[in-house]
Amino acid sequence: MFSKACKYALNAMIFVASLPEGKDRAGLREISRAINSPEAFTAKILQHLVRRELLNSAKGPNGGFAIHGDSHTITIAQIVASIDGDMIFTGCALGLAKCSEVHPCPVHHKFKAVRDHLTGMLLTTNLKDVSSGVNDGISFLKD
């Protein structure tokens with residue numbers, strides 16, 4: 001459903017948002033290890049998230065990556081769209097370019113309901129919602 005880059009971006013954002021009180025930054029190596037992702041690939045994803053103004057980065061001994069703004073205002077949909085674009089919200093289940101209500105693919109009407117539900121969940125779930133589960137020990141970022 002999501003690209004590998006998008007999965008890593010989501011996990012990285014959740015990890016950074018779930019940092020303990022008093023620690024607002026995490027380094028590349030720490031993030032990469034926490035989410036089980038290759039360091040070089042993670043670096044590219046994190047820089048992309050910085051360019052999209054979802055993360056801040058700072059160099060130096062106290063540097064690292066931090067959430068840009070408030071984790072209450074960043075939705076999962078924003079993270080997904082920043083990496084994978086909007087195809088998950090608008091695309092055809094079979095990948096057809098001209099799938100629509102007037103020219104539907106064979107699964108259009110059934111998939112539309114699933115896509116609409118997923119879109120609603122992604123738009124109404126913020127980073128704080130999902131990071132609190134990690135902090136509470138009821139959800140996990142790796143096996």
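# Close-up views of the predicted model

**View 1. Val 107 occupies the loop that joins α5 (87-90) to α6 (108-124).** Helices (H or I, at least four residues) and strands (E, at least two) are DSSP runs, numbered from the N terminus. The model shown is predicted, so that local features need pLDDT of at least 70 and side-chain atom pairs count only at pLDDT 80 or more, whereas totals for chains, interfaces and linings use all residues. Residues are numbered from 1 along each chain as its sequence is written, and side-chain values use heavy atoms, with hydrogens and water left out. With a relative accessible area of 34%, Val 107 is partly exposed; buried means under 20% relative accessible area, exposed over 50%, and partly exposed in between (1.4 Å probe, protein chains only). Beyond its neighbours within four places in sequence, Val 107 is in contact with Ala 93 and Leu 94, where contact means heavy atoms within 4.5 Å. The C-alpha atoms of Val 107 and Ile 88 are 15 Å apart, for a separation of 19 residues along the chain.

**View 2. The protein chain contains 7 helices and 2 strands.** Along the sequence these elements follow the pattern α-α-α-β-β-α-α-α-α. The C-alpha trace spans about 55 × 30 × 30 Å along its principal axes. Of the 143 residues in the protein chain, 38% are buried. Among contacts with a separation of 6 or more, 61% are between residues 24 or more positions apart.

**View 3. Helix α1 (residues 4-17) packs with helix α7 (residues 127-135).** Two packed helices are described by the angle between their axes and the distance between the axes. Here the angle is about 75° and the axes lie 8 Å apart. Axes are lines fitted to C-alpha atoms, for helices over the stretch in contact, and angles run from 0 to 180 degrees between N-to-C directions. The two helices, α1 and α7, are therefore roughly perpendicular to each other; angles of 65 to 115 degrees count as roughly perpendicular, under 35 as roughly parallel, over 145 as roughly antiparallel, and the rest as oblique. From α1, Met 13, Ile 14 and Ala 17 meet Leu 127, Val 130, Ser 131 and Val 134 of α7. By class, this contact of α1 with α7 has 6 nonpolar residues, 1 polar residue and no charged residues. Ala, Val, Leu, Ile, Met, Phe, Trp, Tyr, Cys and Pro count as nonpolar, Asp, Glu, Lys and Arg as charged, and the others, Gly among them, as polar.

**View 4. The structure holds 1 aromatic pair.** The ring centres of Tyr 8 and Phe 41 are 5.6 Å apart and the planes stand at 80°, so the pair is edge-to-face. Rings of Phe, Tyr and Trp (its six-membered ring) pair if their centres lie within 6.5 Å; planes under 30 degrees apart count as stacked, over 60 as edge-to-face and the rest as tilted. The pair links distant parts of the chain, with Tyr 8 in helix α1 and Phe 41 in helix α3 (residues 39-51), 33 residues apart. Tyr 8 is buried, at 14% relative accessible area, whereas Phe 41 is partly exposed, at 30%.

**View 5. Strands β1 (residues 55-58) and β2 (residues 64-67) pair in the antiparallel sense.** The pairing runs over 4 bridges, and two strands pair if DSSP finds at least two bridges between them. Ala 58 has Gly 64 in β2 as its bridge partner. The strands β1 and β2 form a hairpin with 5 residues between them, and Gly 60 in the turn has a positive phi of about 105°. Both faces of β2 are covered, as Gly 64 and Ala 66 on one side and Phe 65 and Ile 67 on the other are all buried.

**View 6. Asn 36 has a positive phi of about 60° although it is not a glycine.** Asn 36 is placed in the loop between α2 (28-35) and α3 and, at 54% relative accessibility, counts as exposed. Glu 53, likewise a residue other than glycine, has a positive phi near 60°. Glu 53 lies in the loop between α3 and β1 and is exposed at 54% relative accessibility.

**View 7. Asp 136 lies in the segment after α7.** The relative accessible area of Asp 136 is 58%, which makes this residue exposed.
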